[in-house]
Amino acid sequence: MILNPIIPIWLMAIICIALLFFKRKGWMGYIRQILIILLLFAVNLRVMVKDVEVPVLLPKVDVVFVVDNSISMFAEDYGLANGRRMDAAKEDCEYIMKKLPGASFSLVKFEDTPEIMVPFTTDLTMVKQSLSLLKGEGSLHAGGTSMNTVLDSMEDILNDGRDNYKVVFFISDGENTVDEQQESFSRLQHFTDGGAVLGYGTTKGGKMKAPSFLGSEEEPEYLEVYKEDSWESEYAISKIDEKNLKKIASDFGIDYVHMTNTSAVDHVLNSIQNGIMTDTQAQGTTSTAGYKDTYFWLLIPLAVLLIWDVISFKRKA
């Protein structure tokens with residue numbers, strides 16, 4: 001319970017004491033006057049009771065989106081309509097931003113090379129605009145994808161000296177197309193307080209459209225590869241590598257979620273919100289947004305007494 005007075009309590013106390021000196025005739029009228037004054041004083045106190053506590057996250061929570069921007073993330077095997085993986089990933093990022101209001105967000109992309117597109121900011125418009133720029137690679141430019149490429153950039157953004165509650169969302173299909181050993185992400189675990197690895201795609205896989213190079217005005221076409229021991233071509237198919245994604249999640253010490261709809265991440269967000277609520281460094285200060293007013297319940301007896309007083313005054317007149 002908190003008090004949020006409309007006018008200062010000391011000033012209201014002076015007003016109420018002054019009103020008591022205007023004594024009404026008759027003991028019933030004076031009792032009614034005292035009750036009205038007490039109710040006015042109580043209404044002014046504006047007693048508020050806890051409803052749902054809302055922590056002020058800014059600037060105590062940092063959320064990092066690490067997004068795979070390789071061609072495979074544009075495979076068309078997401079959901080019943082076989083949408084593009086990347087389109088779903090962008091929607092999920094915006095959903096997460098809505099669920100963690102006040103947090104600072106950063107965006108890191110990777111394909112054959114990594115890039116920190118947005119350092120930590122509370123400007124959601126900037127983050128959304130940067131997400132819209134994730135359009136994959138040109139087929140002639142693509143040099144293959146390895147999850148290893150983003151490790152150093154992730155360490156740079158997480159180990160930035162900000163003593164905040166750190167949340168990571170690693171977004172990928174997990175498909176390594178470079179012949180190299182997958183490194184462990186465990187070195188980043190102690191920088192991370194929560195988050196999830198979000199996996200996109202199916203084991204059946206999907207075809208991918210891409211232009212020859214970014215910025216080209218040509219219509220993107222489905223990628224084709226030559227069949228083994230043949231000059232015949234077939235559509236290239238990208239398949240999710242959940243084994244790799246689960247390994248990354250295990251290294252991090254966070255959950256793995258196979259994304260088939262936006263609500264699949266809700267249990268992770270609930271866990272993060274609970275972690276924020278119990279972490280004193282993450283909460284910042286509290287606001288009255290988590291409290292509800294009770295003064296309006298006092299207005300009912302106050303209105304009854306005032307109506308009674310008016311009727312009594314008219315009768316005596």
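Helix 1 (residues 9–20) and helix 2 (residues 27–45) pack with their axes 10 Å apart, at an angle of about 170 degrees. Keep in mind that this is a predicted model.

- Two numbers do the describing for packed helices: the angle between the axes and the distance between them.
- An angle over 145 degrees counts as roughly antiparallel, and therefore helix 1 and helix 2 are roughly antiparallel to each other.
- On the helix 1 side, the contact is made by I9, M12, A13, C16, L19 and L20.
- Facing them from helix 2 are Y30, Q33, I34, I37, L40, F41, N44 and L45.
- Sorted by class, this contact has twelve nonpolar residues, two polar ones and no charged ones.

- Strand 6 (residues 104–110) and strand 7 (residues 114–121) run antiparallel and are joined by five bridges.
- F110 has P114 of strand 7 standing opposite.
- F110 turns up again in an aromatic cluster, together with F170, F185 and F252.

**Aromatic pairs**

- For a pair of aromatic rings, the things to quote are the distance of the centres and the angle of the planes.
- Y222 belongs to strand 12 (residues 221–222) and Y235 to strand 14 (residues 233–235), so the pair ties together parts 13 residues apart in sequence.
- Y222 is partly exposed, at a relative accessible area of 26%.
- Y235 is partly exposed as well, with a relative accessible area of 41%.

- With a relative accessible area of 0%, V63 is buried.
- Leaving aside residues up to four places away in sequence, V63 touches L100, A103, S104, F105, S106, F120, V167 and F169.
- Of these contacts, F169 is 106 residues from V63 in sequence, yet the C-alpha atoms of the two are 7.6 Å apart in space.

How values were computed:
Residues numbered from 1 in each chain as written. Predicted model: local features only at pLDDT ≥ 70, side-chain atom pairs only at ≥ 80, totals over all residues. Heavy atoms only, no water. Axes fitted to C-alpha atoms, helices over the stretch in contact; angles between N-to-C directions. Helix = DSSP H or I, 4+ residues; strand = E, 2+ residues; numbered from the N terminus. Parallel < 35°, antiparallel > 145°, perpendicular 65-115°, else oblique. Contact = heavy atoms within 4.5 Å. Nonpolar A, V, L, I, M, F, W, Y, C, P; charged D, E, K, R; others polar. Pairing = 2+ DSSP bridges. Buried < 20%, exposed > 50% of the residue type's maximum accessible area, 1.4 Å probe, protein only. Phe/Tyr/Trp six-rings, centres within 6.5 Å; stacked < 30°, edge-to-face > 60°.
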